[in-house]
Amino acid sequence: MRITDLLDKRSIKLGGSAADKPDAISQMVELMSASGKIGDVDTYKNGVFAREEEGSTGVGEGIAIPHCKSDVVKEPGLAAMTIPAGVEYDALDGEPVNLIFLIAAPNTEDNVHLDVLSKLSTLLMDEAFTSKLKEAKTVEEFLATIDEAEGGKERTEGIVGNADGKLLLAVTACPTGIAHTYMAAEALEKRAKELGLAVKIETRGSGGAKNVLTDEEIAKADGIIVAADTKVPMDRFNGKPVVITKVANGINKADELIDQALSGKAPIYKGNGGGAKESSSSGGSVGGSAYKHLMSGVSHMLPFVIGGGILIALAFLVDTICGYGESAGGNFGVMTPLSAFLKYVGGLAMGLMVPVLSGYIAYSIADRPGLAVGFAGGLLASSGNALLAGFPFAEENLTGFNKFIADFGFQGPNGGNTVSGFLGGILAGFLAGAIVLGLKKLCSGLPEALDGIKPTLIYPLVGIFLIGVLMCFIFNPLIGLANTALSDMLSGIAKADMIAVLGLLLGAMMAIDMGGPINKAAYVFGTGMLAQAADMVASGAAQSDPGVQACYIAMASIMVGGMVPPVGIALACWVFPKKFTKAQRSSAPSNIVMGCSFITEGAIPFAASDPLHVIPCTMIGAGVAGLLSAVFGCTLMAPHGGVFVFATVGSPLLYVAAWLIGSVVTAVLLGLLRKPAPQE
């Protein structure tokens, strides 16, 4: 099979024009459709745009190769268009694109066409070839240029180049394995030959690994480059200088990568027996490593937040449909067997959120031994020290260290709980990882006979004890002191009748740590205000009494503040898509559901990944919503429920306005302050 076998004359357009990138892709899909190789054009088109979101297929030098592998492709095909005036395509080099090839690959086990597509990708790295294509006046001339260049252009297996030169090895891979993989390989091989090097490049495309590096070649290599955006077996490179980067750099920065790999300054790769590891372009900086560890925790935590949060929202919906609202009070969400079941299961899943976050941060830092220590630290952060209260010891007989433990660790300051929430969970994860790494270093001198008990006994036993001491006696109590101070401050503001200021503060507090101690301090204060209002009414006060209304206004500000962060972030994902990764954008719908359900925790993955930008933006938006709610005099007599209890809200239309305004403020601030996110 040749390239021209895939390229139908009806799918070639010379001298075209396009207003922008989406227009160019839409025209390319129409050209592909003209060949009759697409069963469902809309599905295929959506697949092409989805691939584009993973990273631009504008590879530089005026070339773009959009592609999609899909079940709706009846047979492999190509479409081509030249655009003399160029079109802005968000290319890797920032330059306009004037030559586009669109690839349609069927989702089958028969991958014979992939060799042809890899050959095309290789040819497009030849400037003389692409120049002839761009200058072609007729479709026949365009096809003849491809036929002429294709003759004899086969990728050579094994080591090529100067046999007496230094040996450079490389691995290239991209998520789809159709174009970028082979273009990066060609760019690296071409430049290595020009520099007089011996070179061999392993390509890991859709058809599997080709030209695989042998152990003997790896042992002889002077430098290795891994240009990949997907998983690559890395432990085989243990002890060798390895440059790890993204596949796009293999195409556009071949000189720089080769120089780094052979300069003697490339980092020595240290394998850990884990098999295939995902290559990363974050480098070896402290910030890049910390971000990678944090993202490990966040990505594993996200399913618990989404699944548990939506189940809780369904519990509120069931109770609302069944007619329970204000009358349910604190039992809202458990008034029927079905709603109680949903809230129980969802609550358990949400309860795992912080332990999973901590556990997988520690796992990323210290491998499997860090997992147990991280889980324990996260559980202590989310449960707090009051978990220890109620033990049947005789307090009057306690002295010395036992009394210290009982007074400070078991009860916390002022006898209250000391939950540190997701911020404490992040801290616990990094502490757990550091503890296990320290234990590994301390135990490195022990006899080999003890190697078997290190990960099963020494690391978990000592590690869990140490993280328990740190969380129970240092970090949880410190946050408990701050929690107590916040509650005292809020009570003082309420007594001074500064209701607008109170609404602003309560709304903002709900969005600072999203379920953590500050959030919970505001929420507990609000539920306390509801209890106070109930006592006042029971004592003869009318529902319209200013004191009673103030209590309800405070609760309304709290709930609207908690509903802003997930919704504001979801809006930002849609309005400013380049500021978020594909995975973050895909969670926007679930954030809408959780925001509508007063589940602020939906914003945690975003806040954890970029706290310096996300938290101030959500805090300001939530504060604005809380302030407006208080100024509008909106009231709420239910302690939870989101939109499902809006029937109990006083001035509901103004309440919705306050919520939407606060969400828009958050979205706009995120769009202005966040830097563009890397599009993997």
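Leu446 is partly exposed, with a relative accessible area of 33%, where partly exposed denotes values between the buried class (under 20%) and the exposed class (over 50%), for a 1.4 Å probe and protein chains only. The model is predicted, so that local features need pLDDT of at least 70 and side-chain atom pairs count only at pLDDT 80 or more, whereas totals for chains, interfaces and linings use all residues. Residues are numbered from 1 along each chain as its sequence is written, and side-chain values use heavy atoms, with hydrogens and water left out.

Together with Leu450, Ile453, Leu457, Leu461, Val462, Phe465, Leu466 and Val469, Leu446 forms a nonpolar patch on the surface, with about 700 Å² of accessible area.

In helix H10 (residues 254-262), the buried residues are Ala254, Leu257, Ile258, Ala261 and Leu262. Viewed down the axis of H10, these residues fall within an arc of 115°, taken from the directions from the helix axis to the C-beta atoms, and so line one face of the helix. They pack against strands S8 (167-173), S11 (223-228) and S13 (242-245) and helices H7 (180-194) and H9 (247-252), contact meaning heavy atoms within 4.5 Å. Just after H10, Gly264 takes a positive phi of about 85°.

For helix H14 (residues 369-383), buried residues include Pro369, Leu371, Val373 and Leu380, and H14 is followed by Gly384, whose phi is positive, near 80°.

Note on methods
Helices (H or I, at least four residues) and strands (E, at least two) are DSSP runs, numbered from the N terminus. Patches are made of residues with over 30% relative accessible area and no salt bridge: like charges are joined within 9 Å, nonpolar side chains (Val, Leu, Ile, Met, Phe, Trp, Tyr) within 5 Å. Accessible areas come from the Shrake-Rupley method with a 1.4 Å probe; for residues, only the protein chains shown count as cover. A salt bridge is a side-chain nitrogen of Lys or Arg within 4 Å of a carboxyl oxygen of Asp or Glu.
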